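Here's a quick briefing for anyone meeting this structure for the first time. Take a look at the model, then read on.

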Amino acid sequence: GNKARKLEYDFAEIIKGRYDVVLTAGGIQSNHARMTAAAARKFGLDIKIVLGGPDFNEYKGNLLLDVLFGAEIRYLVNDDANDHLTSAMNEWVDELTSKGRKPFTLPIGGSTGLGALGYVEAMKELANQLNDRKVQIIMAVGSCGTFAGSILGAKMFLPKARVIGISVSRTSEAIFQRT
């Protein structure tokens, strides 16, 4: 449910700002892209997705769902490291803007400050269930939005909690190079 929690806040901004098309990017089986496509369609918005990964010969999993939701997809074959997805998405935004559209972009993984509020709220909900017990919260970490919101929410509502993130998208060497 982490993508839905993030998107709840982002789509409030999208609707409030009267955007008419949503763009995002991710890997070929991106949960975030699939959930964004579903949310965009629920609100009657166009959805454009830039995906990257190995070449494929059949639509399955999240990619199939992206297609069924009517997402327009631009696919970067063999961009497994997602090196060019953001720039391709930004180029698409420029194209749409020049045609008079009003695009809203969500980064890979949906990691926005606004979206992280979904996990601040999640920690508040968890605190109400745990009655201030000392706990460890262990989670997968990709683009860090869920992790950031969980850390902030835990500091605010679960001060005895320890939040531990395990990277699912970077090696330890890559993480240390970024710090």
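Helix H5 buries Gly115, Ala116, Gly118, Tyr119, Val120, Ala122, Met123, Ala127 and Leu130. Keep in mind that this is a predicted model.

**Helix H5**
- H5 runs over residues 113-130, and at 1.5 Å a residue its 18 residues should span 26 Å.

**Helices H2 and H3**
- H2 (residues 31-42) packs with H3 (residues 61-68) at an angle of about 20°, and their axes are 9 Å apart.
- Angles under 35 degrees count as roughly parallel, so that's the label for H2 and H3.
- On the H2 side, Asn31, Ala33, Arg34 and Ala37 do the meeting, and their partners in H3 are Asn62, Leu65 and Asp66.
- Sorted by class, this contact of H2 with H3 has three nonpolar, two polar and two charged residues.
- As for handedness, H2 and H3 make a left-handed crossing.

**His32**
- You'll find His32 in helix H2.
- Is His32 buried or exposed? Its relative accessibility is 2%, and buried means under 20%, so His32 counts as buried.
- Setting aside neighbours within four places in sequence, His32 is in contact with Lys3, Leu7, Thr24, Ala25, Leu106, Pro107, Gly109 and Gly110.

Note on methods: Residues are numbered from 1 along each chain as its sequence is written. This is a predicted model: local features need pLDDT of at least 70, side-chain atom pairs count only at pLDDT 80 or more; totals for chains, interfaces and linings use all residues. Side-chain values use heavy atoms; hydrogens and water are left out. Axes are lines fitted to C-alpha atoms, for helices over the stretch in contact, and angles run from 0 to 180 degrees between N-to-C directions. Helices (H or I, at least four residues) and strands (E, at least two) are DSSP runs, numbered from the N terminus. Angles under 35 degrees count as roughly parallel, over 145 as roughly antiparallel, 65 to 115 as roughly perpendicular and the rest as oblique. A crossing is left-handed if the near helix is turned anticlockwise from the far one by less than a right angle, and right-handed if clockwise. Contact means heavy atoms within 4.5 Å. Ala, Val, Leu, Ile, Met, Phe, Trp, Tyr, Cys and Pro count as nonpolar, Asp, Glu, Lys and Arg as charged, and the others, Gly among them, as polar. The expected span of a helix is 1.5 Å times one less than its number of residues. Buried means under 20% relative accessible area, exposed over 50%, partly exposed in between (1.4 Å probe, protein chains only).
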